[in-house]
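Here is a short briefing on one protein model. Look at the sequence and the structure first, then read on.

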Amino acid sequence: MVDRINHRKLIGINKTDIIGVLTSGFGASLVKEHYPTAKIHQFKTKLDILHALANGEINYAVISLSAAHVLLQKNFLGQFKIVSSHIDDHNRKVSFAVKKDNLPLRDIFNKAMDSLPPGTLINIQKKWHTVTLKADGNYHRLITFIIIFGLVISAIIGAITVWNRRLTNEIKHRKAVEDKLTYLTNNFDGVLIQHHQKSDDPMDIDILFMSEKIADFTGISASKFYFFPHLLQDRIAQREDYQNLLTAMRNAVKQGYWRTELQINAQDSRSSRWIEVRSQITPAAIGWQWNSILIDITQLKHQQLALTTAKQKSQAATTAKSRFLAMMSHEIRTPISGIICLLDLMKPYSQQPELRQIHQNLTLSSENLLNIVNDVLDFSKLESKKLKLDIREKTLTKIVTILVQPHAIHAAQKGLDFKLWLDPNIAQSLRFDSMRLKQVLNNLLNNAIKFTSQGSIYLDINLLSQQDNQQIIAFKVTDTGIGISPQDINKLFQPFEQIDQDSARRYDGTGLGLSICHQLIQLMGGTITVSSQLDQGTSFSIILTFDICQPTKIKPLKKHCGLLAMVNDPILVDYLTAWQCAITTLNPTTKEQLAAAVSTQCIDTLFIPQSWATEHNIDLNWIAINLPSVNWITITSANVMLTSNINARNISLSPLLPQQLYRALTQPFQPYNNDSQYQYTLPVTLTREQAIANNRYILVAEDHPINQQILKQQLEQLNYAVDIVDNGKQALIALADNHYNILLTDCHMPEMDGYELAKTIREQEQQTATIALPIIAITANALTNTERFKTMGFSDYLIKPLKQQQLKEVLAQWLQPVNVTNNVPNLTQVGTKQVTTSNISTAAIAMIDINELLPIFGDNELCQTLLQQYLASCVDDLTQLNTAIAQQNNDSIFMISHRMKGAARMMAFHQLAQATHDLELCSQQVQINTTDLQRNYLHIEQLIEQLSLQIHST
């Protein structure tokens, strides 16, 4: 392909180009094949096509160079140039032929070509194609290539420049870091060492790096260690634990880490230093590389030694303190115990009002003194982390109901209103330490009443949430007392703190109560907070988490309750709403209007204030006639908790006890009775022989004369036969001579104390394979627990002062009585005799002490007559009770047992009074256990039979 020599084109042939071809040649077909978009002009002669190209009529000419080279040299020299194109790549084959009848010539050509080597044919072909066409450069591509090449070169140059700058900065930085590292290693209070262990021998090493600080440890410079590594081995080999160090280093190679502490001696051998070695060990091509740091811990060791010494002194002081507290507990509580126990024994004899008041004041003072001692001991136990919680399954509602009784009475005595809210959704039984929770609530309620002169006290117990078998319960104690200033709140839970300087004189207390409460709540895993305003009141909030044992059992009552408009108590309304009771407010002005309203609106339960009933002359007869089917509940004062009037269905709103309200709604109301609040009377006693025959034979080991006297009187009043010895050795002799049912022993006695006595008895029992004797420890040390005593061989323990009821309960757990019914004695009180080995006679137990009836009725003959009549009444009541139980009539069981209980108390028949009280409570349960009913009935029947034997034997 030919083009003008001055034609410059940056791009290849396209559709705008005109290509000239000869009409007689095959150029047109080649152009169409390779340049289908270009325009084609045909010419007849080679001269015409060359003239058209020279004149610019066409852009390119396709012409055979061999045919046109004469014209090009003759007419167009220097005007054209040959252009490389795709046409040049066309495979042009050269062939020749001979006539088919000229066979000899054909054979000659074939033989000639076959005889030629392949390389010869290729050379011939190259000779035929002697012209090599080189296309004119593609300037567009050339420029693009130049630009790309320039950018690449620029990028390389820029990258080299940036890399060079970074390298320069890195060198500077590394130099600075190296300088800092050198400075650090030379000024670091320790030594950095890097060495290479070449074999299994830890001392076969090469030092790679060592800071100059090594000279301070060894007195040898780092440079010497570099050149003479054996110096390090020599120093280590001088140690007594050299072999142990080698073994430890070999083990460290396997673990990859080593840490130890070494004591090294200075060059003067008069002082020593402690160093800590920490090494990281990594495998190398040959051996291991150790990277170690040696830290001077001499000062730390001195501090540790000082701390250890201080700790030992502190532990010794704590031990001495605990020993002192135990001794103080014993020494202080022993005389207090004597005072309280003597007051307890003196109670039946202080019947005159003046003596009774003096007795109550003495008892209160001694109990306050004991509470102060207990606060100090509790605080000491908390401080020494020795106080442990006794977590058991308990009924929170029952505990709270009993707990608020004395506080409500105390508040009423001060003219304060006492409110209680106990969320009905709280589980029936939970796991917690009831004693410690009561201790906290008692302290908060005592403080609330103490610091409040007018207004109200509010105990609010709410269920906050329940999940994962746990309940989160909030306890809130609120008062309207003197309040606390913001600056005093911060020190409120600190020990021995009072909120003002005069409080110690105006209000009694040690200042430990709230501190103990705070620590107890923390021990329980809860929180306690306080909010207060001066002269407006204080509120303490406790949040605790409890594990659920038995979920709550709320039985919808669906009663229709009528409340007079004057009964405005939101707590009562909340309880009734929780039990799904409909409430109707009534506003009658007469009792006739009241009866009509109740009948018209179908009210089945009516709450009437006692004052309104008294004002309108409403009595039981009027109720029975006009409202016979209505459950009449009288709202009365707080002292309803102490009444036992069977004809009254009374509740108090200060506080409103939910269990009391529930019973009043579901069955004939039984006001709350606390047997301990009734007047104490002398119990009926047994003879010594009777007590021994009834498995009530006790040995007491006690060295204190006052305690001996107290225990003797207490146990005799509880119908026990008692022998008393002074120490453990005498107790062993007595045990060898007599068969006792139980042993009470003081822990601290001369010659042989209670601990050694229990240990000796248990060893003898193991050797002889005898039944274990119940051993009860008596201690004045409040820092005790059950597990500690059990490990020492004791069955149980009692803490002084010993209340008779406490003594009675513990002994009842370990003794099994035997009922004896022969030889009924007189109704007079029989004294306890000394130990005797004579034959033991049996007799019936005196059920009623005639000495208790004489001050009431004044004449012995009258007492005997009344006893006969009372026995006949008991027989009739027993028959009715048997019928009620057979018919499962719970209301009748309740009425009869309550009537029998009242008569028994009047006749000083204490055992029957307790038995009928138990039956009375059993009949009030939501789900009554028939087995319990039958057992209580049999007990009552047995007591009446024994009373009959007593009466007919006189």
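In β10, Ile293 is the bridge partner of Arg278. The model is predicted: local features need pLDDT of at least 70, side-chain atom pairs count only at pLDDT 80 or more, and totals for chains, interfaces and linings use all residues. Residues are numbered from 1 along each chain as its sequence is written, and side-chain values use heavy atoms, with hydrogens and water left out. Helices (H or I, at least four residues) and strands (E, at least two) are DSSP runs, numbered from the N terminus.

**The sheet**

- Strands β9 (residues 272-283) and β10 (residues 288-296) run antiparallel and are joined by 9 bridges.
- An open sheet of 5 strands has the order β7-β6-β10-β9-β8, with antiparallel pairing. Two strands pair if DSSP finds at least two bridges between them.
- At the edges are β7 (205-210) and β8 (257-265), each pairing on one side only.
- From one strand to the next, the twist averages 25°.
- Helix α10 (residues 242-255) lies across β6 (190-197), β8, β9 and β10. Its direction is at about 155° to β8.

**The helix pair**

- Two packed helices are described by the angle between their axes and the distance between the axes.
- The axes of α32 (residues 910-923) and α33 (residues 930-952) come within 10 Å and cross at roughly 160°. Axes are lines fitted to C-alpha atoms, for helices over the stretch in contact, and angles run from 0 to 180 degrees between N-to-C directions.
- That crossing makes α32 roughly antiparallel to α33 (over 145 degrees).
- Residues making the contact (heavy atoms within 4.5 Å) include Leu912, Ala915 and Leu919 of α32 and Leu933, Ile940 and Leu943 of α33.
- The residues of this contact divide into 8 nonpolar, 5 polar and 2 charged. Ala, Val, Leu, Ile, Met, Phe, Trp, Tyr, Cys and Pro count as nonpolar, Asp, Glu, Lys and Arg as charged, and the others, Gly among them, as polar.

**Backbone spots**

- Most residues other than glycine have a negative phi, and most peptide bonds are trans.
- Asp535 is not a glycine, yet has a positive phi of about 65°. Asp535 sits in the loop between β16 (527-533) and β17 (537-550).
- Asp535 is exposed, at 69% relative accessible area (exposed means over 50%, with a 1.4 Å probe and protein chains only).
- Lys558 has a positive phi near 50°. Lys558 is also exposed, at 61% relative accessibility.
- The peptide bond from Ser654 to Pro655 is cis, with omega near 0°. Pro655 lies in the loop between β22 (650-652) and α22 (658-666).

How values were computed. Parallel < 35°, antiparallel > 145°, perpendicular 65-115°, else oblique. Buried < 20%, exposed > 50% of the residue type's maximum accessible area, 1.4 Å probe, protein only.
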